[in-house]
Every structure is written in structure tokens, then in C-alpha cells.
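Subject: Structure handover

Hello,

Here is the structure for your files.

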Amino acid sequence: MKPPVDELPLDAGLTFLQGVWELNHALERLSSRMERRLGVTAQQRFIVRCVGKYPGMTPGQLARILHLDPGTVSAALRRLERQELIERRRDPRDGRRVTLGLTPRGRMLDGMRGGTAEAAVVRVLESSKPSETQTTQAMLRRLATAFAEVTIREKP
């Protein structure tokens with residue numbers, strides 16, 4: 001007979017990682033629900049929100065905001081273009097440069113608030129102290145940096 005999970009204590013590192021995975025799993029589930037209901041994932045909506053906030057931004061700027069490779073962002077933009085949510089425009093001052101803008105459908109999606117990851121985050125932020133938010137953001141940045149610095153060594 002297996003003991004209940006709450007009787008299987010983990011050390012501090014594993015307990016923290018358990019929370020990270022719980023958050024990741026919850027975000028993935030919400031993202032799936034958003035895709036079924038709104039037609040976009042949480043990440044795609046985040047892209048729409050960024051472009052709505054900064055019309056005329058470049059794909060490179062978006063990649064830096066998202067901390068993603070430009071190729072990954074380009075693939076996401078192609079999907080959003082096919083859904084007629086985002087459009088790429090040639091910069092009139094420099095024809096080599098591409099800027100991003102929302103289509104009318106994209107502006108409608110940008111204006112929605114309920115049932116999104118952002119709405120849940122805003123709800124939590126509104127009930128949190130600024131110091132809690134700052135500490136959490138700092139911890140997330142440090143954790144992302146630590147994950148990026150991990151190197152996998154071959155077995156001896």
C-alpha cells in the first residue's frame with residue numbers, strides 16, 4: 001500500500017520545482033481552454049496583446065519581449081496571420097524593415113479581458129502587495145537565468 005502524497009515530503013528544491021510544474025501545468029490547461037474558446041493559446045494572445053500595445057513593433061522586438069528565438073516568433077506570427085489577427089507591414093521609411101499591426105479581428109481579441117491568463121494574473125496582482133510582486137518577479141528572472149545556465153554533461 002502506497003502512503004498518501006502528503007506523507008511523502010520533498011526537500012526544498014524539489015518542493016519549489018513541484019510548484020513550478022504545478023504552475024506550468026495550470027497555464028497549459030488554461031491555454032488549451034483559451035484555444036478552444038477564443039481560437040488562440042495563451043502565448044498567442046500574449047503576442048496579440050504586445051502588438052496591440054506597441055503597434056509598429058518589429059518581430060525582433062517581439063522576440064526580445066518573449067525571450068524567444070526570432071524563428072520561433074516568426075512561426076507564431078505566421079499562424080496569427082493565417083487567423084487574420086496580425087499583419088506584417090513594410091516600414092514606409094525603410095522597405096527592408098517589417099513592422100507588426102493588428103487586424104480588426106486582432107483588435108477585438110486584444111480588447112477581450114475575461115477567461116484569459118492575463119485576467120487571472122491581474123486578479124492575483126490586485127490582491128498582492130507590491131513587495132510580493134517585485135519579489136516574485138525577481139525570483140522568476142533569477143530562476144529563468146539559472147535554467148538557461150544549466151549545462152547537461154555526458155555520463156562518464
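For the angle below, axes are lines fitted to C-alpha atoms, for helices over the stretch in contact, and angles run from 0 to 180 degrees between N-to-C directions. The model is a predicted one.

Helix H2 covers residues 42-53, which is 12 residues. From its first C-alpha to its last, H2 reaches 16 Å, close to the 16 Å expected at 1.5 Å a residue. Buried residues in H2 are Ala42, Gln44, Arg45, Ile47, Val48, Cys50 and Val51.

Two packed helices are described by the angle between their axes and the distance between the axes. For H2 and helix H3 (residues 59-66), the axes come within 11 Å and cross at roughly 125°. H2 is therefore oblique to H3, since angles of 65 to 115 degrees count as roughly perpendicular and those over 145 as roughly antiparallel. The crossing of the two helices is right-handed.

Which residues meet where H2 and H3 are in contact? On the H2 side they are Phe46, Ile47 and Cys50, and on the H3 side Leu62, Ile65 and Leu66. Sorted by class, this contact has 6 nonpolar residues, with no polar and no charged ones.

Along the chain, Arg78 and Gly106 are 28 residues apart, and their C-alpha atoms are separated by 14 Å.

Regards

Technical notes
Residues numbered from 1 in each chain as written. Predicted model: local features only at pLDDT ≥ 70, side-chain atom pairs only at ≥ 80, totals over all residues. Heavy atoms only, no water. Helix = DSSP H or I, 4+ residues; strand = E, 2+ residues; numbered from the N terminus. Expected span 1.5 Å × (residues − 1). Buried < 20%, exposed > 50% of the residue type's maximum accessible area, 1.4 Å probe, protein only. Parallel < 35°, antiparallel > 145°, perpendicular 65-115°, else oblique. Left-handed = near helix turned anticlockwise from the far one by under 90°. Contact = heavy atoms within 4.5 Å. Nonpolar A, V, L, I, M, F, W, Y, C, P; charged D, E, K, R; others polar.
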